[in-house]
Structure formats: structure tokens, C-alpha cells
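I opened this entry to record the overall fold and then the aromatic side chains. My notes follow the order in which I looked things up.

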Amino acid sequence: MKKNKYAVPLILLLAFESTAVTLWLTKHNLFYLLNFSYIGISISLGLFLYIRNYKHARRIVQLLVGGYMLVYLGLIQKENMQIEGFWYYLFTGTFEAAVIHYAIAKIFGPLLFGRGWCGYACWTAMVLDFLPYKIPALHQRKKIGWIRYVMFLLSFVFVAALFLAHVNHIEKIMIWTFVIGNIAYYAIGIFLAFLFKDNRAFCKYICPITVFLKPMSYYSLIRIQCDHSKCVNCEKCKRVCPMDVDVTNNARNRINGTECILCMECVKACPKDAL
């Protein structure tokens, strides 16, 4: 095994550790050092296990990171890490919690690792990926992707209305919004998965976070690319892709290119090691 295969997990670990130390020193809060170190180590561990051909590597990362953010940060620490929490802290002018999380993982981070958040850290997808339809029954998209933009707008309007109406105890409302919102997301996600026979239907049509993720991931530095000198056009990579990405096309405007979650299923399926 070539040593340079370990460059990606090492680079990501260094990126997270740099962020952890920077936030710790600038915010004078040890939490940031521990938080981002934990996430960086978890993701790097998963990538290391993947390189070592451990088949459950990505699932381990999902459970380590997604479970941590859902249970510890969300339910125990009572931080709304959903998009409503981002708007809430943004409106209060506080560069804390969800604002930092969104800035790193979902707004600027995708310039480096694209939609990697969706594949390795999302606590909604963490549960949906346990469902039986890991490979979509149909690779033709439904024309309902506009729903994600409606959800995005509604989340903004909801939080803005709370502030404009000077509602008391908004922070408590945010906690309950996180709990109820996650229950709704899981219910809708499971329903759509069975309806369309596709575990990732929620990600494709409903999730409002993709409004941030998609445009930034277009310029992602880490991308799946095809070596056409090895490719035999068997299309196994397309058949196993949970997000319907045409990974044989190296152009940035390839079909569903901004939806690649770096799950590496296409790489594992390729019989010629062309990806």
C-alpha cells in the first residue's frame, strides 16, 4: 500500500486540529479544542479504516460524529444544531455553537471536502442509512427538489418571526425545535425511503442544509475522479451510487456532481481501480 494513501486522513486531521487550537485560543474555551479534536480524530480514524479495507469504516464515523452531535451537543448540552439554531445565533450576533459548526462543516468546509458532511457526520442520514434501500431502486430523480428551498426559507422565516415578535424564552423554543424537528426529519426520511425505495430520498428532496452545501461543494478540492485509461464503462459505479452521481465524468458540472457524499461506494465497486 502506498504511503501517500494516508495523506487525506492526515490532512483532515491537521485541518481539524488547527481549527480546534485556533478556536480554543481565540475564544478562550477548552470546549472547542476537545470538540473539534474529537470530530477530527473520528473522521480520520474512519478514513484510515477505509484505507485498511474495513467495510464498516464510514458507518463507524457516522455513529461517532453523528451520535455525538445529536445526543451530547443537542440533547445533553441543549444546543440546536439544526438550521434553526444557526439562524438563532446569527440573529443574536453570537459567533458560537451552530454558527461555527455551519461555517466550518456546511458553508466553507465544502470547498475542501464537498458533501463529506452528509456521508460521514449527519445524524439524520446516520439513522436513514440503516434502512434497506442503500442503493436506489431508480436512479431517475423526482422533480420535487424544490422542497428543500421551501424548507430553507421556512426555517429562516420561523426564527425571524420569533425575534420580530419579541417572543420570550426563544432559547427554550430552540431546544424544543431541535427535538421536534429531528423527530419530524426521521419520520419524513423513513417514509420517503420506503416510498421511493431510496435511503437518501430525504437528502435529495427535503434537507434544507443542502442549500448551503450544494453551491460550495461545486468547487470542492477533494473529488472522486475517473481514470478513463482504466475505465471499461461497466457502469457499476453509477449503479451503486446512493446519490446518482455520474462519477465517470470528471467535469464539475457532471450529473448530480454537487451531491457526491464521498461514501466511496463507487470506488469499492470499480473492478478496474479506475476511480
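I began with contact range in this predicted model. Among contacts in the protein with a separation of 6 or more, 73% join residues 24 or more positions apart.

I then looked up the secondary structure and found 14 helices and zero strands. The radius of gyration is 19 Å, close to the 19 Å that the globule rule gives for 275 residues, so I noted the protein as being as compact as a globular protein of that length. Along the principal axes, the C-alpha atoms fill a box of roughly 60 × 45 × 30 Å.

Next I turned to burial and surface. I noted that 49% of the 275 residues count as buried. The accessible surface comes to about 14,000 Å², and carbon and sulfur atoms hold 68% of it. For charge, I recorded 30 positive and 14 negative charges, with mean positions 6 Å apart.

Phe91 is partly exposed at 33% relative accessibility, and Phe156 is partly exposed at 34%.

I also examined Tyr218 and Tyr219, which are edge-to-face at 5.0 Å centre to centre and 75° between the planes. Tyr218 counts as partly exposed at 31%, whereas Tyr219 is exposed at 52%.

Finally, I traced a cluster linked by ring pairs; its members include Trp87, Phe91, Tyr102, Phe156 and Phe212.

Technical notes: Residues are numbered from 1 along each chain as its sequence is written. This is a predicted model: local features need pLDDT of at least 70, side-chain atom pairs count only at pLDDT 80 or more; totals for chains, interfaces and linings use all residues. Side-chain values use heavy atoms; hydrogens and water are left out. Helices (H or I, at least four residues) and strands (E, at least two) are DSSP runs, numbered from the N terminus. The radius of gyration is taken over C-alpha atoms; the globule rule is 2.2 Å times the number of residues to the power 0.38. Buried means under 20% relative accessible area, exposed over 50%, partly exposed in between (1.4 Å probe, protein chains only). Contact means heavy atoms within 4.5 Å. Accessible areas come from the Shrake-Rupley method with a 1.4 Å probe; for residues, only the protein chains shown count as cover. Lys and Arg count as positive and Asp and Glu as negative; His and the chain ends are not counted. The place of a charge is taken as NZ of Lys, CZ of Arg, CG of Asp or CD of Glu. Rings of Phe, Tyr and Trp (its six-membered ring) pair if their centres lie within 6.5 Å; planes under 30 degrees apart count as stacked, over 60 as edge-to-face and the rest as tilted.
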